[in-house]
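I am opening my notebook to go through one structure, entry by entry.

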Amino acid sequence: MYICYNCFKQLKSIAKLRSIKNIYYIWDYETIFSKLLKNYKLNRIKNLENIIVKLIKHDFFEILNKKNIEIIIPVPINNNRIRERGFNQTEEILKKLNIKYLKAKRIKATKKMSRILNKKEREKNIKNAFKIEGDLENKIILIFDDVITTGTTVNELIKTINKKYMIKEVYIFTLSLTKTAKKILNDGRD
């Protein structure tokens, strides 16, 4: 499946590298991009990753070089999602970008985070969900995700890394950021 020229043109026109704190993103989630992402992930239209890669490639490599990224970690999805979908969207995009990455593991089955609205419930759901092994000591790390809704998942992954390793810096590159995530990041709370 391909997208029409006008949709591609619209996606391209709103694709812009932006940042809030240590998070870099390309699209606001509440745009046409959310339809593309849903078709890619939920409808399992895997070849849409080619469009995503085409639109993010320049900005992604710019951040890797500018921040001297040494290790990239895609946010893992739980095994149920892998069985349903057949792939982890963040890993597939990195493969298309020809990027080596360190794979974290999702060691706890969690409910879909998008269905949990309460902050405490989200934190409880994702707590201790990850495991990571590798040489992360004193490294500059980039965590790669497709969408940050509130930041709870990414924060838990960072906590997991920090429990075991002393890292230099951590950055996040996500395809999209929700209005809620922007509010939390700008206000420092939710």
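**Entry 1: Tyr40 and the rings**

I looked up Tyr40 to begin with, and at 0% relative accessibility Tyr40 counts as buried, where buried means under 20% relative accessible area, exposed over 50% and partly exposed in between, with a 1.4 Å probe and protein chains only. Before going further I noted that this is a predicted model, in which local features need pLDDT of at least 70 and side-chain atom pairs count only at pLDDT 80 or more, whereas totals for chains, interfaces and linings use all residues. I also noted that residues are numbered from 1 along each chain as its sequence is written, and that side-chain values use heavy atoms, with hydrogens and water left out.

I then searched for aromatic pairs, meaning rings of Phe, Tyr and Trp (its six-membered ring) with centres within 6.5 Å, which are stacked if the planes are under 30 degrees apart, edge-to-face if over 60 and tilted for the rest. The structure holds 7 aromatic pairs. In one of them, Trp27 and Phe33 are stacked, at 4.3 Å centre to centre and with 5° between the planes, and I found both Trp27 and Phe33 buried. The rings of Tyr40 and Phe87 have centres 5.3 Å apart and planes at 35°, so I recorded this pair as tilted. This pair links distant parts of the chain, 47 residues apart, with Tyr40 in helix α2 and Phe87 in the loop between α4 (79-85) and α5; helices (H or I, at least four residues) and strands (E, at least two) are DSSP runs, numbered from the N terminus.

Phe87 is buried too, at 6% relative accessibility. The charged end of Lys46 sits over the ring of Phe87, 5.8 Å from its centre; the rule is that NZ of Lys or CZ of Arg lies within 6 Å of the ring centre and within 35 degrees of the ring normal.

**Entry 2: Cores**

Which residues touch the most other members of the largest nonpolar core? I found that Ile56 and Phe60 do, among its 35 residues, a nonpolar core being a set of buried Ala, Val, Leu, Ile, Met, Phe, Trp, Tyr and Cys residues joined through side-chain atoms within 4.5 Å. Helix α3 gives the most to this core, with 8 residues. Apart from it I noted another core, of 26 residues, including Ala104 and Leu185.

Leaving aside neighbours within four places in sequence, Phe60 is in contact (heavy atoms within 4.5 Å) with residues including Ile72, Leu142, Phe144 and Phe173. I also saw that Phe60, Phe61, Phe144 and Phe173 form one aromatic cluster.

**Entry 3: Charges**

I counted a salt bridge wherever a side-chain nitrogen of Lys or Arg is within 4 Å of a carboxyl oxygen of Asp or Glu, and by this rule the count comes to 11. One of them joins Lys182 and Asp28, at 2.3 Å from N to O. Lys182 lies in helix α8 (residues 179-187) and Asp28 in strand β2 (residues 23-28), so the pair ties together parts that are 154 residues apart in sequence. Asp28 is partly exposed, at 21%.

**Entry 4: Confidence**

Lastly I checked pLDDT, the predictor's confidence in each residue from 0 to 100. The protein chain averages 91, and 96% of the residues score at least 70. Among the elements, α6 has the lowest mean pLDDT (83) and strand β3 (residues 71-74) the highest (98).
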